[in-house]
Amino acid sequence: MSNTNYLKSPKKKLTASYIIALSLIAFLSISSQVIIRTVLSKQEKDARVINISGRQRMLSQKISKIALQLERASSNRQYAKLQGEFKSVIELWSSSHYGLKERSLELDLGGENSETISKMFAEITPNFDQMKQAAENILEESSPQYIDPYVSVILQNEASFLRQMNIITFQYDHESTSRIKQVETIETILLVITLLSIFLEAKFIFRPAVKAIDKYLNETISRGLALRDAHQNLLNTNQEKESVEKELYEQLEKNHQLQININKDLELKINERTREIQDQKEEIEQQASKLQKQNEVVSNVNRKLTDSISYAKKVQHSILGHRQNIINEFKDGFILNRPKDIISGDFYWFYQKEDLRILVAADCTGHGVSAAFMTIIGNLLLNDIVINQQIHSPKEILNFLDMELYALLNLKNVNKISDGMDLGLVAIHSDRREIEFVGAKRPLYFVGKDNKIDKIQGSKSTIGYHAKDVRKQFESSIIDYQSGDRLYLTSDGFQDQFGGSQGSKFLQKRLIEALNRTINYPMVKQKKVLEGVFEKWKGTAPQTDDVLIVGVEL
């Protein structure tokens, strides 16, 4: 498109060009969002299928373990108790198997299995049926002396069942990964098309428009200079006329009339040029108005993105639970949670059953949206391990959480993910006034009757990420407590904050000093003091990381 065309009708041509270009970009953006949302919806079901499939291994091992315990039961009371636990495990194992096989809607596993996975389930059915039948026979027996043949059947089929369930789990993951790669290819193509569209818009719309406006301004300036020179010539002519007035009196009338005509022509030309300049000014103002509207569109898009992340924050809070409901289960307490961005990569978790209370404070890798996803995964895994599987030993909870998080993030045919989480976990036994603590790279701060902070160090291993040739160990510490004792679980965000006069880290030492100074305060006031200390240290520096401190009084 030439500059002349822009000068003749810039409004219509620019409007049409912008509509086409922006419509194309909007179409590509909407298409990308539709694809992403569709894949996220499918990935949620894939993740649940893979999680339940992987859980079948643990359940089948637990069946064998309880069957052996039933065989060796020393009393009818012990045998009856083990039978009840055995029945619960069999029912969960059986319902999970049929749910995976039929993609049960009751387990939120909608969809259909591929032909390959259906064949695999057909191959595993004989082992499953024999183990299930043997388990049902065991449940019918009232004494351990008659169950030996059925236990043997379970043990004979367990290894084959585990091996084939592993193959099915890897196949589920392989199919999920294949779908993700296809969507990534489509996303890449849409991104290339979008960038190409922006490049073409800049080349064929903005660049010609700028050149045309520049040319018109240069022409306007040239015309203004010409008018200034004409005016100066007019003044010179008047001066010469006065000097020869006497000699050219007769000619004066003619010259005077000629001068009047010239002035009229000049006035008409000046008025015409003024109107042209005014028209160009209006066009420039219209272009400025369009640019302002475009800026408003960009602002609206940015606001919508911020609103979406803010809504994600509400979803995250609804999953973590209401803070005051947790604090109400203790004599006093507080939860200080300050995300670096809108949503946090730190999370807290609480569970209570009879005389047992379990409290967790966790710090996921990174911060922002990616870390927030990890908080949801950690919350769901803890619900499954503690509530569904009824595992209440702190060491066992961390071992299962580590195993399931690693399996979820690093299954076969997927590039290894080094993300994970550091956390502290306390199990409070009210009946025997005892605290059992276990940590993954996070400590416990405990305040006893001496009113001093005692730091109990956690394990050096993290949850999820596995370094080569490193065996993880999560050791627990037992602490007796009295009414009025306090305990604190934290992420590393508070102590890692940069600030102060030297721009250095706050460090763990200053955090312990701040807790010691406020140890006799009510915990609500202690929280406010800690917030003030944090803000004063941070000053005008940006927040370094998500901050989480959970403190309770027993």
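Colleague: In the hairpin of β2 and β3, which residue takes a positive phi?

Modeller: In this predicted model, strand β2 (residues 346-353) and strand β3 (residues 356-364) run antiparallel and are joined by 8 bridges. Lys 353 has Leu 356 in β3 as its bridge partner, and the hairpin has 2 residues between the strands. The residue with a positive phi, near 55°, is Glu 354.

Colleague: How many of the residues of strand β2 are buried?

Modeller: Buried is taken here as under 20% relative accessible area. Strand β2, which covers residues 346-353, is mostly covered on that basis, and the count of its buried residues is 6 of 8.

Colleague: Which strands are the edge strands of the open sheet of 5 strands?

Modeller: The pairing in this open sheet is antiparallel, and its strands follow the order β1-β12-β9-β6-β7. An edge strand pairs on one side only, and this holds for β1 (332-338) and β7 (453-456). Neighbouring strands of the sheet are turned by 15° against each other on average, direction ignored. The edge strands asked for are therefore, since each pairs on one side only under the bridge criterion, β1 and β7.

Colleague: Which residue in β9 does Phe 446 stand opposite?

Modeller: Strand β6 (residues 444-447) pairs with strand β9 (residues 486-490) in the antiparallel sense, over 4 bridges. Within β9, the residue opposite Phe 446 is Leu 487.

Colleague: Is Val 447 buried or exposed?

Modeller: Val 447 has its place in strand β6, and, leaving aside neighbours within four places in sequence, Val 447 is in contact with Lys 452, Ile 453, Asp 485, Arg 486, Tyr 488 and Ile 519. One of these, Tyr 488, is 41 residues away in sequence, while the two C-alpha atoms are 8.6 Å apart in space. Because its relative accessible area is 3%, Val 447 is classed as buried.

Colleague: At about what angle does helix α11 run to β1?

Modeller: Two helices can be described against these strands, and helix α10 (residues 507-517) lies across β6, β7, β9 and β12 (547-553), running at about 140° to β7. Helix α11 (residues 523-538) lies across β1, β9 and β12, and its angle to β1 is about 25°.

Colleague: How much accessible area do Leu 196, Phe 199, Leu 200 and Phe 204 have together?

Modeller: One of these residues, Phe 199, is found in helix α5, which spans residues 148-243. The four residues form a nonpolar patch on the surface, and their accessible area together is about 400 Å².

Definitions and conventions: Residues numbered from 1 in each chain as written. Predicted model: local features only at pLDDT ≥ 70, side-chain atom pairs only at ≥ 80, totals over all residues. Heavy atoms only, no water. Patch = residues over 30% accessible without salt bridge, like charges linked within 9 Å, V, L, I, M, F, W, Y side chains within 5 Å. Areas by Shrake-Rupley, 256 points an atom, 1.4 Å probe, with all protein chains shown as cover. Salt bridge = Lys/Arg side-chain N within 4 Å of Asp/Glu carboxyl O. Axes fitted to C-alpha atoms, helices over the stretch in contact; angles between N-to-C directions. Contact = heavy atoms within 4.5 Å. Buried < 20%, exposed > 50% of the residue type's maximum accessible area, 1.4 Å probe, protein only.
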